[in-house]
Protein chains: 2
Amino acid sequence: MVETVDSDFRDDVGLPTCGNDTAGVAIQLRDKREIVDNTLRKLLAQYIETDSGLGESIKYTLEAPGKRLRSAMVLWCCEVASGSVNSDAEIAAAAIEMVHTYSLVHDDLPAMDNDDLRRGRPTCHKAFDEATAILTGDALLTLAFEVLAEQISDPVIALKLIQRLAHEAGLSGMVAGQMADLKAQNSAGTRELIEFIHTNKTAKMFRCATAMGAICGRANDAQLAALCEYGLKVGLGFQIADDILDASATSEHLGKTAGKDVKTGKVTYLKLLGMEKSKLLAKKLADEAIAALQPFGKEADILRQLAAALLQRTR
Amino acid sequence: MVETVDSDFRDDVGLPTCGNDTAGVAIQLRDKREIVDNTLRKLLAQYIETDSGLGESIKYTLEAPGKRLRSAMVLWCCEVASGSVNSDAEIAAAAIEMVHTYSLVHDDLPAMDNDDLRRGRPTCHKAFDEATAILTGDALLTLAFEVLAEQISDPVIALKLIQRLAHEAGLSGMVAGQMADLKAQNSAGTRELIEFIHTNKTAKMFRCATAMGAICGRANDAQLAALCEYGLKVGLGFQIADDILDASATSEHLGKTAGKDVKTGKVTYLKLLGMEKSKLLAKKLADEAIAALQPFGKEADILRQLAAALLQRTR
């Protein structure tokens, strides 16, 4: 009997309600999301002190219904490399979700992207205030490193995870991408600049997720390199799909403000190449992501299906 | 021949220009500051990529003339525990300076303490803009963990340092203290609340510094505990001295805005106990810090002198 997944959930994560592959991805994503949510709940119960003053805002942002894509990719890549999810991968998945959430909280601030809506709810600085949002982001970023330092079974693995996360999320990755994105607003936007922004702002965190999963699954160097390449390409395709959705979907459906890229003068492929060529580029990146998985057999089918499904997502 | 330290430097770090003990502290602080500054310069040359867009703001904030007290304490405590400064301690000192600087950059933001002046220069969001300041803080915090994960000789030591820094700087320490400080503005302010704020906002980062130095110096458990207790007490005394200076010195001399605590309705011992009792409390904390050093001999004299000198600082 084929397991089914309720259409509410598929709609929730933006996967279309028809097609066998996307159905398979939706079922597995639901299962992985449950693991991530449980791990986050356990960690928050352990780490949030009653008098920290930030428990409420941290829970509000971290427990909002995100897609958990990056954290699910940690779990999947651990499975692909080792045959199963282990407790290190659960912690690594929670850590990357904390860093992703901190980046959303800070990016939404008035001085940054100035957004009111995120994951279908008022953004952190709207639900609380700006100071709380700044400190909530700071606390989440710090907590990610704290749990990796304390909860991973092997010190060498823990250090590799911390090194990878800090490198991809910081000056050599996400933070630099966000800075470039802000600076580029209302500029002409060359293809080179857009590639720099997408690579750093988005794709490196996807690569970080696949690398962390591979590290937790004790992947060999060739497997690690293949999963890194896959993560990078999927991330690049994801960002183009995101820009397409921004232009074509409603805020209510997306759970975040739609139509913002044009309004704020963001540089995107859509603006540079138009809709059809952008869709073709996203498809090409998904194909390249799938091609990177060549060293793997059937065990990586979920990652192949994911690369294809992400092109069809509706939010 | 007694080494001398030019009065410019002593004035710069706020140590009075008379008294043998404070002269000794000033000389040693100058030497330690040189080590910290050199390490920071080397790390920035290695880690700042030309296209990160944040190189300028990071250098601006990190290379501003700070006292380097916390980072010097890392070096001193390594020396006390092991007889000399090692390269691990140099990295740990640079990492805590990055975290301290990130906290200043974020605390100075308009939504937080809204300050225009820091270390004698316009604050980061004034010299650049708010978005740059938010991302500069984020990058510095992330970089601290990256350098600890990559540059420490022994994985077990690296993990201990990361764990300690994340714990004291995050939800169980500095971030919680800053949140409580903001929330307490214009409240009556009980002694318990002020103690919570001072402990978390300030003293835990001093304790973190002494602990990190002890860890780098391979201190035994008793030494580590003594240096932690010393760090906590020195930090508590430091914050009271800071509040006293805020009320009694000029902005020009402090290099940051003076008289802010009354204006913003901060809860302080000064407000609760008055000037004389606050000074007595700071003195009592310095005495307790010195008493905590009982397991150590002459090798800890610099720490004893520091505890006393900090009461007399003028900025």
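# A walk through a two-chain model

Let's start in the middle: the largest nonpolar core has 212 residues, a nonpolar core being a set of buried Ala, Val, Leu, Ile, Met, Phe, Trp, Tyr and Cys residues joined through C-beta atoms within 7 Å. The residues with the most contacts inside this core are A:Leu148, A:Ile162 and A:Leu165, together with B:Leu148, B:Ile162 and B:Leu165. "Buried" here means that 20 or more other C-beta atoms lie within 10 Å of a residue's own; with 12 or fewer the residue is exposed, and in between it is partly exposed, with C-beta atoms placed from the backbone. Two residues are "in contact" if their C-beta atoms, again placed from the backbone, lie within 7 Å.

Before going on, some housekeeping: this is a predicted model, in which local features need pLDDT of at least 70 and side-chain atom pairs count only at pLDDT 80 or more, while totals for chains, interfaces and linings use all residues. Residues are numbered from 1 along each chain as its sequence is written, and chains are lettered from A and ligands numbered from 1 in the order in which they are written.

Now zoom in on A:Leu148. Leaving aside neighbours within four places in sequence, A:Leu148 is in contact with A:Ile91, A:Ala95, A:Ala158, A:Leu161, A:Ile162 and A:Leu165.

Next, step back to chain A as a whole. Chain A has 16 helices and two strands; helices (H or I, at least four residues) and strands (E, at least two) are DSSP runs, numbered from the N terminus. The C-alpha atoms of chain A fill a box of roughly 50 × 50 × 40 Å along the principal axes. For 315 residues, a compact globule would have a radius of gyration near 20 Å, and the 18 Å of chain A agrees with that. (The radius is taken over C-alpha atoms, and the globule rule is 2.2 Å times the number of residues to the power 0.38.) Of the 315 residues in chain A, 56% are buried. Among contacts in chain A between residues at least 6 apart in sequence, 70% join residues at least 24 apart.

How do the two chains meet? On chain A, 44 residues are in contact with 44 residues of chain B. Helices α7 (130-151), α8 (155-169) and α9 (174-184) of chain A each supply at least two residues of the side that touches chain B. The largest share of that side, 13 residues, comes from α7(A). Sorted by class, the side of chain A that touches chain B has 28 nonpolar, nine polar and seven charged residues; Ala, Val, Leu, Ile, Met, Phe, Trp, Tyr, Cys and Pro count as nonpolar, Asp, Glu, Lys and Arg as charged, and the others, Gly among them, as polar. A rotation of 180° with 0.0 Å of shift along its axis superposes chain A on chain B, with an RMSD of 0.0 Å, which is the relation of a two-fold axis. Such copies are superposed by least squares on the C-alpha atoms of residues with pLDDT of at least 70 in both. Since 100% of the interface residues of chain A are also interface residues in chain B, the copies meet through the same surface.

Over in chain B, look at helix α4 (residues 69-82). Just after α4(B), B:Gly83 takes a positive phi of about 95°.

B:Gln239 sits in helix α11 (residues 221-248) of chain B and counts as buried, with 23 C-beta neighbours inside 10 Å. Beyond four places in sequence, B:Gln239 is in contact with B:His198, B:Thr202 and B:Ala203. A:Glu90 belongs to helix α5 (residues 87-107) of chain A and is buried, with 23 other C-beta atoms within 10 Å. Leaving aside neighbours within four places in sequence, A:Glu90 is in contact with A:Ile35, A:Thr39 and A:Val85.

Finally, check out a couple of loops. Most residues other than glycine have a negative phi. B:Asn114, though, has a positive phi of about 50° although it is not a glycine. B:Asn114 lies in the loop between α5 (87-107) and β1 (117-118) of chain B, and counts as partly exposed with 15 C-beta neighbours inside 10 Å. B:Arg119 has a positive phi too, near 50°, and is found in the loop between β1 and β2 (121-122) of chain B.
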